[in-house]
Amino acid sequence: VQLQAFGGGLVQAGRSLRLVCVASGTIFSIRNMGWYRQAPGKQRELVSLIASGGSTNYANSVKGRFTVSRDNAKNAMYLQMSSLNPEDTGVYHCNADIKTNPIVSSYTYWGQGTQVTVSS
């Protein structure tokens, strides 16, 4: 199983970006999926979570600006980021709780991260 995150880039403050995370390989089911970010010199922090049924959670710092969604048929998760500010700069990683068959427990896989840089 592999997770790939892409869609990052360099944008000016106030603009938008859309991140994509896609899982591939032998996948039976995906439970929770999440976006995390790590700014230079800081610890990785949770940005948003989305459950298989669609319920979502957001960090207070991104509420009202970021929207997470998923397409279960495509094993994909998206993060629409609007009104970006320099504090949103960091490497954005995705993760997913994946079962590779109906018998084994789920395992949390991580993507490699995509850089988001917001200039003032």
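The model is predicted, so local features are described only where pLDDT is at least 70 and side-chain atom pairs count only at pLDDT 80 or more, while totals for chains, interfaces and linings use all residues. Residues are numbered from 1 along each chain as its sequence is written, and side-chain values use heavy atoms, with hydrogens and water left out.

**Stop 1: T26**

Select T26, which is found in the loop between β3 (17-24) and β4 (29-38). Strands here are DSSP runs of E of at least two residues, and helices are runs of H or I of at least four, both numbered from the N terminus. T26 counts as exposed because its relative accessibility is 57%; exposed means over 50% relative accessible area, buried under 20%, and partly exposed in between, with a 1.4 Å probe and protein chains only.

Then select K42, which is 16 residues from T26 in sequence and 34 Å away in space, C-alpha to C-alpha.

**Stop 2: β9**

Select residues 90-99, strand β9, where nine of the 10 residues are buried. Two strands pair if DSSP finds at least two bridges between them.

- With β4, β9 pairs in the antiparallel sense over eight bridges; select M33 and A96, which stand opposite each other.
- With β10 (residues 107-110), β9 runs antiparallel and is joined by four bridges; D97 stands opposite T108.
- With β11 (residues 114-119), β9 pairs in the antiparallel sense over three bridges; Y92 stands opposite T114.
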